[in-house]
Amino acid sequence: MVAIKYISPIDGHVHLRWTEHPEPFALWAFMDAKAVGLRAIVEQVNTRPALTSLDIIKARRDYINMIKKAAGAEDIDYKAYIGMTDDEEQVKEALKAAMEHPEFIAGDKTFYVHSTERMGLLRPSIQLRNWEIRGAILYNKASTSHLEDEKKFDQDNKFNPEDPITHSLHQTELAELVQAQRQVRFARDSDYRGIFVAHHVSSPETIDFLNEEKKKMPFPIIIETTPHHMYLNTDDYRIHGNRVKMNPPLRSPESQHGVLERVVNGKTDVIGSDDTAHGLDKKDSDNPPSGIKVIPIYPYMMGNLIELGMRPNHLRKITFDTPNEIFFGGKLDPRIVEVEYNPDLWTKYGYGHGKNPFSRIDGTLSV
Ligand SMILES: [Zn+2]
(Lines give C-alpha, C1' and ligand atoms only; values in the text may rest on other atoms or scores of the structure.)
Protein backbone atom coordinates (compact mmCIF):
# COMPACT_ATOMS: atom_id res chain seq x y z
CA MET A 1 0.00 0.00 0.00
CA VAL A 2 1.15 3.56 -0.60
CA ALA A 3 0.68 6.45 1.76
CA ILE A 4 -1.64 9.15 0.47
CA LYS A 5 -2.07 12.75 1.56
CA TYR A 6 -5.42 14.32 2.29
CA ILE A 7 -7.13 16.99 4.36
CA SER A 8 -8.09 15.35 7.63
CA PRO A 9 -11.79 14.35 7.24
CA ILE A 10 -14.64 15.21 9.60
CA ASP A 11 -16.94 12.24 10.18
CA GLY A 12 -20.42 13.50 11.04
CA HIS A 13 -21.87 10.04 11.68
CA VAL A 14 -20.29 7.66 14.20
CA HIS A 15 -21.87 5.29 16.74
CA LEU A 16 -19.29 5.08 19.53
CA ARG A 17 -21.20 2.84 21.98
CA TRP A 18 -21.42 3.27 25.73
CA THR A 19 -22.56 0.92 28.51
CA GLU A 20 -24.37 -1.47 26.16
CA HIS A 21 -21.24 -3.37 25.09
CA PRO A 22 -18.51 -5.04 27.16
CA GLU A 23 -15.86 -4.28 24.51
CA PRO A 24 -14.03 -0.88 24.64
CA PHE A 25 -15.59 0.16 21.32
CA ALA A 26 -15.37 3.94 21.89
CA LEU A 27 -11.66 3.65 22.70
CA TRP A 28 -11.00 1.54 19.61
CA ALA A 29 -12.98 3.96 17.43
CA PHE A 30 -10.78 6.86 18.56
CA MET A 31 -7.63 4.76 18.04
CA ASP A 32 -8.79 4.00 14.50
CA ALA A 33 -9.83 7.62 13.92
CA LYS A 34 -6.31 8.67 14.91
CA ALA A 35 -4.75 6.00 12.69
CA VAL A 36 -6.69 7.09 9.58
CA GLY A 37 -6.24 10.79 10.30
CA LEU A 38 -9.78 11.95 11.16
CA ARG A 39 -10.08 15.59 12.22
CA ALA A 40 -13.37 15.31 14.15
CA ILE A 41 -16.22 12.97 15.00
CA VAL A 42 -19.90 13.62 15.63
CA GLU A 43 -21.49 10.92 17.76
CA GLN A 44 -24.94 9.44 17.18
CA VAL A 45 -27.58 9.39 19.91
CA ASN A 46 -28.61 5.75 20.27
CA THR A 47 -26.22 4.88 23.07
CA ARG A 48 -27.35 3.45 26.39
CA PRO A 49 -28.33 5.76 28.02
CA ALA A 50 -29.47 7.59 24.89
CA LEU A 51 -28.18 11.12 24.24
CA THR A 52 -31.51 12.88 24.67
CA SER A 53 -30.79 15.52 27.33
CA LEU A 54 -28.21 18.20 28.02
CA ASP A 55 -27.16 16.50 31.27
CA ILE A 56 -26.51 13.15 29.59
CA ILE A 57 -24.56 14.82 26.79
CA LYS A 58 -22.40 16.69 29.32
CA ALA A 59 -21.64 13.45 31.15
CA ARG A 60 -20.93 11.81 27.82
CA ARG A 61 -18.55 14.60 26.79
CA ASP A 62 -16.56 14.18 30.02
CA TYR A 63 -16.36 10.44 29.43
CA ILE A 64 -15.26 10.90 25.82
CA ASN A 65 -12.53 13.32 26.92
CA MET A 66 -11.12 10.49 29.07
CA ILE A 67 -11.40 8.03 26.19
CA LYS A 68 -9.67 10.41 23.78
CA LYS A 69 -6.78 10.77 26.21
CA ALA A 70 -6.47 7.00 26.58
CA ALA A 71 -6.48 6.64 22.77
CA GLY A 72 -3.86 9.38 22.29
CA ALA A 73 -6.49 11.18 20.20
CA GLU A 74 -6.92 14.45 22.11
CA ASP A 75 -6.49 16.44 18.90
CA ILE A 76 -9.64 14.90 17.39
CA ASP A 77 -12.60 17.21 17.95
CA TYR A 78 -15.85 15.69 19.22
CA LYS A 79 -19.50 16.69 19.31
CA ALA A 80 -22.74 14.78 19.79
CA TYR A 81 -26.20 15.08 18.30
CA ILE A 82 -29.16 15.30 20.65
CA GLY A 83 -31.88 12.70 20.07
CA MET A 84 -35.55 13.49 19.41
CA THR A 85 -38.32 11.53 21.14
CA ASP A 86 -42.13 11.66 21.04
CA ASP A 87 -42.20 13.73 24.27
CA GLU A 88 -43.02 17.35 23.41
CA GLU A 89 -41.21 18.83 26.42
CA GLN A 90 -38.10 16.75 25.71
CA VAL A 91 -38.09 17.95 22.09
CA LYS A 92 -38.34 21.61 23.12
CA GLU A 93 -35.59 21.24 25.73
CA ALA A 94 -33.34 19.30 23.35
CA LEU A 95 -33.66 21.81 20.50
CA LYS A 96 -33.03 24.66 22.94
CA ALA A 97 -29.92 22.86 24.22
CA ALA A 98 -28.66 22.42 20.65
CA MET A 99 -29.07 26.15 19.97
CA GLU A 100 -27.51 27.21 23.27
CA HIS A 101 -24.57 24.79 23.26
CA PRO A 102 -23.18 24.64 19.72
CA GLU A 103 -19.73 24.03 21.25
CA PHE A 104 -20.61 20.40 21.97
CA ILE A 105 -23.98 19.69 20.31
CA ALA A 106 -23.85 19.46 16.51
CA GLY A 107 -27.62 19.35 15.92
CA ASP A 108 -30.60 17.08 16.49
CA LYS A 109 -31.20 13.56 15.26
CA THR A 110 -34.43 11.70 14.50
CA PHE A 111 -34.88 8.05 13.63
CA TYR A 112 -38.01 7.74 11.47
CA VAL A 113 -37.83 3.95 11.78
CA HIS A 114 -36.67 1.70 14.59
CA SER A 115 -32.98 0.81 14.43
CA THR A 116 -30.51 -0.21 17.17
CA GLU A 117 -32.06 0.79 20.57
CA ARG A 118 -35.48 1.38 19.00
CA MET A 119 -35.59 5.19 18.99
CA GLY A 120 -37.92 5.37 15.97
CA LEU A 121 -40.58 8.11 15.75
CA LEU A 122 -43.02 6.35 13.50
CA ARG A 123 -46.16 8.49 13.76
CA PRO A 124 -46.43 11.20 11.09
CA SER A 125 -48.39 13.45 13.49
CA ILE A 126 -45.47 13.42 15.97
CA GLN A 127 -42.93 13.89 13.16
CA LEU A 128 -44.80 16.95 11.89
CA ARG A 129 -45.23 18.37 15.39
CA ASN A 130 -41.46 18.19 15.95
CA TRP A 131 -40.82 20.09 12.68
CA GLU A 132 -43.40 22.69 13.77
CA ILE A 133 -41.54 23.16 17.04
CA ARG A 134 -38.31 23.72 15.08
CA GLY A 135 -40.08 26.24 12.86
CA ALA A 136 -41.68 28.07 15.79
CA ILE A 137 -38.41 28.56 17.71
CA LEU A 138 -36.52 29.61 14.53
CA TYR A 139 -34.23 26.63 14.95
CA ASN A 140 -31.13 27.19 12.81
CA LYS A 141 -29.01 24.10 13.50
CA ALA A 142 -28.65 20.81 11.63
CA SER A 143 -31.59 18.40 11.87
CA THR A 144 -30.36 14.97 10.86
CA SER A 145 -32.55 12.06 9.87
CA HIS A 146 -32.56 8.31 9.46
CA LEU A 147 -35.01 8.17 6.55
CA GLU A 148 -36.90 4.91 6.12
CA ASP A 149 -40.64 4.24 6.39
CA GLU A 150 -41.44 0.82 7.81
CA LYS A 151 -44.88 0.93 6.15
CA LYS A 152 -43.06 0.61 2.83
CA PHE A 153 -41.06 -2.43 3.89
CA ASP A 154 -41.89 -5.52 1.82
CA GLN A 155 -43.98 -7.72 4.10
CA ASP A 156 -43.73 -10.64 1.65
CA ASN A 157 -39.99 -10.64 2.30
CA LYS A 158 -39.35 -10.85 6.04
CA PHE A 159 -35.78 -10.94 7.28
CA ASN A 160 -34.48 -14.49 7.57
CA PRO A 161 -31.05 -14.73 9.23
CA GLU A 162 -30.31 -17.88 7.22
CA ASP A 163 -30.67 -15.85 4.02
CA PRO A 164 -29.06 -12.42 4.68
CA ILE A 165 -30.18 -10.81 1.41
CA THR A 166 -33.76 -10.88 2.77
CA HIS A 167 -32.78 -7.87 4.89
CA SER A 168 -32.24 -5.86 1.69
CA LEU A 169 -35.39 -7.24 0.07
CA HIS A 170 -37.47 -6.32 3.14
CA GLN A 171 -36.17 -2.77 3.73
CA THR A 172 -36.77 -1.41 0.24
CA GLU A 173 -35.28 1.61 -1.52
CA LEU A 174 -38.83 2.92 -1.85
CA ALA A 175 -39.08 3.03 1.97
CA GLU A 176 -36.19 5.50 2.02
CA LEU A 177 -37.51 7.65 -0.83
CA VAL A 178 -41.02 7.89 0.66
CA GLN A 179 -39.74 8.97 4.06
CA ALA A 180 -37.41 11.55 2.45
CA GLN A 181 -40.39 12.96 0.50
CA ARG A 182 -42.54 13.14 3.64
CA GLN A 183 -39.95 14.77 5.89
CA VAL A 184 -38.90 17.41 3.33
CA ARG A 185 -42.58 18.27 2.91
CA PHE A 186 -43.13 18.45 6.68
CA ALA A 187 -40.07 20.69 7.09
CA ARG A 188 -41.30 23.01 4.34
CA ASP A 189 -44.83 23.16 5.77
CA SER A 190 -43.40 24.03 9.19
CA ASP A 191 -41.36 27.04 8.00
CA TYR A 192 -38.23 25.17 8.97
CA ARG A 193 -35.06 27.31 8.69
CA GLY A 194 -32.35 24.94 9.86
CA ILE A 195 -30.19 22.54 7.82
CA PHE A 196 -31.95 19.37 6.65
CA VAL A 197 -29.42 16.52 6.76
CA ALA A 198 -30.34 13.18 5.16
CA HIS A 199 -28.08 10.59 6.75
CA HIS A 200 -26.76 7.54 4.90
CA VAL A 201 -28.73 7.94 1.66
CA SER A 202 -28.54 4.51 0.03
CA SER A 203 -30.65 4.83 -3.10
CA PRO A 204 -29.80 6.76 -6.30
CA GLU A 205 -33.45 7.75 -6.55
CA THR A 206 -33.38 9.40 -3.12
CA ILE A 207 -30.23 11.31 -4.10
CA ASP A 208 -31.91 12.54 -7.30
CA PHE A 209 -35.09 13.50 -5.44
CA LEU A 210 -33.21 15.47 -2.78
CA ASN A 211 -31.15 17.29 -5.43
CA GLU A 212 -34.38 18.42 -7.11
CA GLU A 213 -35.81 19.57 -3.77
CA LYS A 214 -32.68 21.61 -3.03
CA LYS A 215 -33.71 23.98 -5.82
CA LYS A 216 -37.15 24.58 -4.29
CA MET A 217 -36.71 24.61 -0.52
CA PRO A 218 -35.98 27.67 1.63
CA PHE A 219 -33.55 25.60 3.72
CA PRO A 220 -30.34 23.78 2.72
CA ILE A 221 -30.52 20.03 2.15
CA ILE A 222 -27.39 17.98 2.84
CA ILE A 223 -27.08 14.51 1.30
CA GLU A 224 -24.81 12.16 3.22
CA THR A 225 -23.58 8.84 1.82
CA THR A 226 -21.59 6.11 3.54
CA PRO A 227 -18.56 4.16 2.30
CA HIS A 228 -20.56 0.90 2.50
CA HIS A 229 -23.39 2.13 0.27
CA MET A 230 -20.73 3.48 -2.13
CA TYR A 231 -18.67 0.28 -2.31
CA LEU A 232 -20.64 -2.74 -1.06
CA ASN A 233 -23.80 -4.34 -2.42
CA THR A 234 -26.03 -7.39 -2.03
CA ASP A 235 -23.29 -9.60 -3.58
CA ASP A 236 -21.29 -9.07 -0.38
CA TYR A 237 -23.79 -11.13 1.65
CA ARG A 238 -22.40 -14.18 -0.16
CA ILE A 239 -18.97 -13.40 1.29
CA HIS A 240 -19.80 -11.93 4.69
CA GLY A 241 -23.35 -13.03 5.51
CA ASN A 242 -25.02 -10.95 8.22
CA ARG A 243 -21.73 -9.27 9.05
CA VAL A 244 -22.67 -6.76 6.33
CA LYS A 245 -26.21 -6.21 7.68
CA MET A 246 -26.92 -2.55 8.39
CA ASN A 247 -29.74 0.02 8.14
CA PRO A 248 -30.54 1.14 5.51
CA PRO A 249 -29.40 -2.15 4.01
CA LEU A 250 -26.99 -2.83 1.14
CA ARG A 251 -28.58 -2.34 -2.29
CA SER A 252 -28.27 -4.13 -5.62
CA PRO A 253 -24.97 -3.78 -7.53
CA GLU A 254 -26.79 -1.46 -9.95
CA SER A 255 -27.98 0.88 -7.19
CA GLN A 256 -24.61 0.78 -5.47
CA HIS A 257 -22.89 1.86 -8.69
CA GLY A 258 -25.51 4.58 -9.05
CA VAL A 259 -24.68 5.92 -5.57
CA LEU A 260 -20.91 5.83 -6.17
CA GLU A 261 -21.28 7.53 -9.56
CA ARG A 262 -23.32 10.34 -8.01
CA VAL A 263 -20.76 10.83 -5.24
CA VAL A 264 -17.90 11.01 -7.77
CA ASN A 265 -19.90 13.40 -9.97
CA GLY A 266 -20.59 15.86 -7.18
CA LYS A 267 -24.25 15.07 -6.53
CA THR A 268 -23.80 14.50 -2.78
CA ASP A 269 -22.68 16.78 0.04
CA VAL A 270 -20.93 14.86 2.84
CA ILE A 271 -19.54 11.43 3.59
CA GLY A 272 -20.34 9.97 7.01
CA SER A 273 -19.11 6.52 7.96
CA ASP A 274 -22.09 5.36 10.07
CA ASP A 275 -19.37 3.35 11.82
CA THR A 276 -21.01 0.95 14.29
CA ALA A 277 -19.38 -1.75 16.40
CA HIS A 278 -21.00 -5.02 17.44
CA GLY A 279 -19.33 -8.13 18.80
CA LEU A 280 -18.93 -10.58 15.91
CA ASP A 281 -20.55 -13.27 18.09
CA LYS A 282 -23.72 -11.17 17.91
CA LYS A 283 -23.35 -10.49 14.17
CA ASP A 284 -23.00 -14.25 13.59
CA SER A 285 -25.97 -15.17 15.81
CA ASP A 286 -29.50 -15.92 14.62
CA ASN A 287 -30.54 -12.42 15.74
CA PRO A 288 -27.82 -10.31 14.10
CA PRO A 289 -27.89 -6.58 14.94
CA SER A 290 -27.51 -3.96 12.20
CA GLY A 291 -24.39 -1.85 11.70
CA ILE A 292 -20.80 -2.41 10.56
CA LYS A 293 -17.32 -1.06 11.31
CA VAL A 294 -16.24 1.43 8.64
CA ILE A 295 -13.62 3.91 9.92
CA PRO A 296 -10.56 1.79 8.94
CA ILE A 297 -11.53 2.06 5.23
CA TYR A 298 -11.00 5.86 5.09
CA PRO A 299 -7.50 5.88 3.49
CA TYR A 300 -8.63 3.40 0.83
CA MET A 301 -11.72 5.51 0.09
CA MET A 302 -9.86 8.83 -0.04
CA GLY A 303 -7.39 7.43 -2.57
CA ASN A 304 -10.00 5.57 -4.57
CA LEU A 305 -12.35 8.54 -5.06
CA ILE A 306 -9.49 10.51 -6.64
CA GLU A 307 -8.63 7.49 -8.83
CA LEU A 308 -12.27 7.40 -9.95
CA GLY A 309 -11.97 10.97 -11.15
CA MET A 310 -13.26 13.09 -8.27
CA ARG A 311 -11.63 16.50 -8.18
CA PRO A 312 -9.40 16.89 -5.08
CA ASN A 313 -11.16 20.14 -4.15
CA HIS A 314 -14.50 18.38 -4.21
CA LEU A 315 -13.21 15.55 -2.03
CA ARG A 316 -12.01 18.16 0.45
CA LYS A 317 -15.40 19.85 0.29
CA ILE A 318 -17.48 16.76 1.11
CA THR A 319 -15.12 15.35 3.76
CA PHE A 320 -14.00 18.57 5.44
CA ASP A 321 -15.37 21.96 4.34
CA THR A 322 -19.08 21.15 4.34
CA PRO A 323 -19.17 19.10 7.58
CA ASN A 324 -16.97 21.79 9.17
CA GLU A 325 -19.50 24.45 8.17
CA ILE A 326 -22.70 22.63 9.20
CA PHE A 327 -21.55 20.79 12.33
CA PHE A 328 -18.63 22.90 13.63
CA GLY A 329 -19.59 26.43 12.53
CA GLY A 330 -16.51 26.52 10.25
CA LYS A 331 -14.25 26.65 13.31
CA LEU A 332 -11.95 23.68 12.64
CA ASP A 333 -8.60 24.32 10.96
CA PRO A 334 -7.74 22.05 8.01
CA ARG A 335 -4.86 19.67 8.65
CA ILE A 336 -2.99 17.60 6.10
CA VAL A 337 -2.38 13.96 6.98
CA GLU A 338 -0.39 11.31 5.15
CA VAL A 339 -1.77 7.83 5.75
CA GLU A 340 -1.38 4.34 4.39
CA TYR A 341 -4.41 2.02 4.37
CA ASN A 342 -3.84 -0.54 7.13
CA PRO A 343 -6.07 -3.66 6.94
CA ASP A 344 -4.72 -4.75 10.34
CA LEU A 345 -6.93 -2.12 12.01
CA TRP A 346 -9.83 -4.55 11.57
CA THR A 347 -8.13 -7.29 13.60
CA LYS A 348 -9.12 -6.09 17.08
CA TYR A 349 -12.80 -6.45 16.18
CA GLY A 350 -12.23 -10.14 15.46
CA TYR A 351 -11.90 -10.07 11.67
CA GLY A 352 -9.29 -12.49 10.35
CA HIS A 353 -7.04 -11.32 7.53
CA GLY A 354 -9.08 -10.83 4.37
CA LYS A 355 -12.37 -11.07 6.27
CA ASN A 356 -13.15 -7.41 6.94
CA PRO A 357 -16.43 -6.11 5.45
CA PHE A 358 -14.60 -4.26 2.67
CA SER A 359 -12.30 -7.14 1.74
CA ARG A 360 -13.89 -7.59 -1.70
CA ILE A 361 -12.71 -4.12 -2.67
CA ASP A 362 -9.60 -3.45 -0.57
CA GLY A 363 -7.58 -6.26 -2.18
CA THR A 364 -7.31 -8.44 0.95
CA LEU A 365 -10.10 -10.95 0.24
CA SER A 366 -8.89 -14.49 0.78
CA VAL A 367 -11.06 -17.13 -0.84
ZN1 LIG B 1 -26.15 5.62 11.97
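1. Two strands pair if DSSP finds at least two bridges between them. Strands (E, at least two residues) and helices (H or I, at least four residues) are DSSP runs, numbered from the N terminus. In this predicted model, S143 stands opposite F196 in strand 7. Strand 6 (residues 142-146) and strand 7 run parallel and are joined by 4 bridges.

2. Two conventions apply to the whole note. Residues are numbered from 1 along each chain as its sequence is written. The model is predicted, and local features need pLDDT of at least 70, side-chain atom pairs count only at pLDDT 80 or more, and totals for chains, interfaces and linings use all residues.

3. The secondary structure of the chain amounts to 14 helices and 11 strands. The radius of gyration, taken over C-alpha atoms, is 19 Å, close to the 21 Å that the globule rule gives for 367 residues, so the chain is as compact as a globular protein of that length. The globule rule is 2.2 Å times the number of residues to the power 0.38. Along the principal axes, the C-alpha atoms fill a box of roughly 55 × 50 × 40 Å.

4. Of the 367 residues, 51% count as buried; a residue is buried if 20 or more other C-beta atoms lie within 10 Å of its own, exposed if 12 or fewer, and partly exposed in between, with C-beta atoms placed from the backbone. Two residues are in contact if their C-beta atoms, placed from the backbone, lie within 7 Å. Among contacts between residues at least 6 apart in sequence, 77% join residues at least 24 apart.

5. An open sheet is formed by 9 strands in the order 9-8-7-6-5-4-3-2-10, with parallel pairing. Its edge strands are strand 9 (270-271) and strand 10 (275-276), each of which pairs on one side only. Strands of a sheet pair through backbone hydrogen bonds, either parallel or antiparallel.

6. Within this sheet, strand 7 and strand 8 run parallel and are joined by 3 bridges. A198 stands opposite I223 in strand 8. The chain crosses from strand 7 through helix 7 to strand 8 in a right-handed β-α-β crossover; right-handed applies if, with the strands pointing away from the viewer, the path from the first strand over the helix to the second runs clockwise.

7. In helix 7 (residues 204-214), the buried residues are P204, T206, I207, F209 and L210. The buried residues of helix 7 pack against helix 6 (173-189), strand 7 (195-198), strand 8 (221-225) and helix 10 (253-264).

8. The largest nonpolar core has 93 residues, and A29, A33, I82 and A198 have the most contacts inside it. A nonpolar core is a set of buried Ala, Val, Leu, Ile, Met, Phe, Trp, Tyr and Cys residues joined through C-beta atoms within 7 Å. Helix 1 (residues 25-36) supplies the largest share of this core, 7 residues. Leaving aside residues up to four places away in sequence, A33 touches L38, I41, A73, I76 and I295.

9. Several backbone values deserve a check. Most residues other than glycine have a negative phi, and most peptide bonds are trans. The bond from R48 to P49 is cis, with omega near -5°, and P49 lies in the loop between strand 3 (40-43) and helix 2 (54-70). A further cis bond joins N247 and P248, with omega about -15°; P248 is in the loop between helix 9 (237-240) and helix 10.

10. R17, a residue other than glycine, has a positive phi near 75° and lies in the loop between strand 2 (10-15) and helix 1. R17 counts as buried because it has 24 C-beta neighbours inside 10 Å. D191 likewise has a positive phi, about 55°, and is placed in the loop between helix 6 and strand 7. D191 has 14 other C-beta atoms within 10 Å and is therefore partly exposed.

11. Helix 13 (residues 312-328) has a kink of about 45° centred on I318; the bend at a residue is the angle between axes fitted to the seven residues ending there and the seven starting there. I318 is also one of the buried residues of helix 13, which include L315, F320, P323 and F327. Just after helix 13, G329 takes a positive phi of about 60°.
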